Amino acid sequence: MTIAFVFPGQGAQTIGMGKALAEAYPAAKAVFDEVDAALGEALSQLIWEGDIETLTLTQNAQPALMATSLAAMRALEAEGVSIDKAAFVAGHSLGEYSALAAAGAISVADTARLLRTRGQAMQSAVPVGEGAMAAILGLDLEAVRAVAEEAAQGEVCQAANDNDPTQVVVSGAKAAVERAAEIAKEKGAKRAVMLPVSAPFHCALMQPAADVMAEALAGVAITSPAVPLIANVRADAVTDPDEIRKLLVEQVTGSVRWRESVQSMAAKGVTEFWEIGAGKALSGMIRKIDRNLTSRQVGTAEDVAAITAG
């Protein structure tokens with residue numbers, strides 16, 4: 001059995017996530033303390049006792065989800081399961097940062113600060129209400145690309161997340177994305193769902209945020225990860241620090257090639273995926289990508305106990 005550790009992206013956040021881990025494992029609590037110190041605020045208090053609307057703000061959700069993933073990783077390590085149990089790490093969008101921190105390529109403090117900057121930059125890149133995203137269900141990537149091209153009409157409209165064979169997300173100018181949703185239904189999509197997001201992520205409209213991240217990443221130490229990263233925009237393995245830095249900038253405007261990333265890991269021998277952190281969205285996608293693959297969640301103290309018991 002060959003295992004990959006995968007790390008969730010935005011949307012998985014819940015109030016209280018990681019609290020039981022922090023109470024059960026001093027090493028997990030230390031992650032939240034380190035993130036709080038790096039940001040100069042009590043983000044952990046917001047995660048555990050705040051309101052979901054504030055937690056869901058991009059600038060909060062991104063470091064919060066990373067902290068929860070890293071807390072789960074530290075709990076695993078405390079039980080003797082180290083990062084080299086995995087053949088690869090990968091993450092969905094912001095989860096790529098969690099993957100790199102888990103693999104020791106970027107410090108937890110630097111990752112927290114990068115994600116706060118990333119969240120703020122992505123939010124401010126496009127005025128609220130001018131961008132949108134929609135999940136197209138029941139059409140494959142090529143069909144959705146054709147829909148986006150037809151819907152653009154001189155505006156930005158792109159396939160942003162290739163999540164699984166049944167779901168591709170489009171992103172861009174609000175009117176163009178709304179057109180894409182209607183065209184997709186005409187072309188046979190089962191559903192087209194406008195997403196409750198505050199900005200159009202992973203499209204050309206995010207270029208101002210990419211510029212901000214290029215500068216931020218230039219000032220951060222990145223080392224080779226302990227295990228190879230399957231990068232979002234390449235859907236293949238990367239270990240070179242300079243290449244990782246470049247791909248993290250490209251990721252802001254580029255597509256999240258999750259379906260291909262999972263297929264790439266499967267082709268390299270991975271048979272089981274551990275979803276490290278909040279939620280189980282990635283596990284659901286993985287099942288749709290290849291029913292021969294298995295997955296398990298590692299987001300609670302009970303999950304960690306179940307893994308180490310068996």
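The model is predicted, so local features need pLDDT of at least 70 and side-chain atom pairs count only at pLDDT 80 or more, while totals for chains, interfaces and linings use all residues. Residues are numbered from 1 along each chain as its sequence is written, and side-chain values use heavy atoms, with hydrogens and water left out.

A salt bridge is taken as a side-chain nitrogen of Lys or Arg within 4 Å of a carboxyl oxygen of Asp or Glu, and the structure holds 16 of them. One joins the side chains of glutamate 41 and arginine 116, with an N to O distance of 3.1 Å. This pair links distant parts of the chain, 75 residues apart: glutamate 41 sits in the loop between helix H2 (26–39) and helix H3 (43–49), and arginine 116 belongs to helix H7. Helices (H or I, at least four residues) and strands (E, at least two) are DSSP runs, numbered from the N terminus. Burial follows relative accessible area: under 20% is buried, over 50% is exposed, and partly exposed lies in between (1.4 Å probe, protein chains only). By this scale glutamate 41 is partly exposed because its relative accessibility is 35%, whereas arginine 116, at 10%, counts as buried.

Other salt bridges lie within a helix. Glutamate 182 pairs with lysine 185, their closest N and O atoms being 3.3 Å apart. Both residues lie in helix H9, three residues apart, or about one turn of the helix. An α-helix has 3.6 residues a turn, so residues three or four places apart point the same way. Glutamate 182, with a relative accessible area of 44%, is partly exposed, and lysine 185 is partly exposed at 40%. In helix H11 (residues 241–253), glutamate 243 and lysine 246 are likewise three residues apart, about one turn of the helix. Their salt bridge has its closest N and O atoms 3.7 Å apart. Glutamate 243 is partly exposed at 21% relative accessible area, and lysine 246 is partly exposed at 42%. These two residues also take part in a network of salt bridges that links Arg234, Glu243, Lys246 and Glu250.

Leaving aside neighbours within four places in sequence, arginine 118 is in contact (heavy atoms within 4.5 Å) with Gln62, Ser93, Leu94, Tyr97, His202, Met213 and Gln251. Helix H7 also holds aspartate 110, which is buried with a relative accessible area of 18%. Not counting residues up to four places away in sequence, aspartate 110 touches Val220 and Ala221.

Most residues other than glycine have a negative phi, and most peptide bonds are trans. Glutamine 153 has a positive phi near 50 degrees; this residue lies in the loop between helix H8 (141–152) and strand S4 (157–164) and is exposed at 58% relative accessibility. Alanine 235 also has a positive phi, of about 55 degrees. The loop between strand S7 (229–230) and strand S8 (237–238) holds alanine 235, which is buried with a relative accessible area of 8%. Helix H12 (residues 258–267) has Trp258, Arg259, Ser261, Val262, Ser264 and Met265 as its buried residues, and is followed by glycine 269, whose phi is positive, near 105 degrees.
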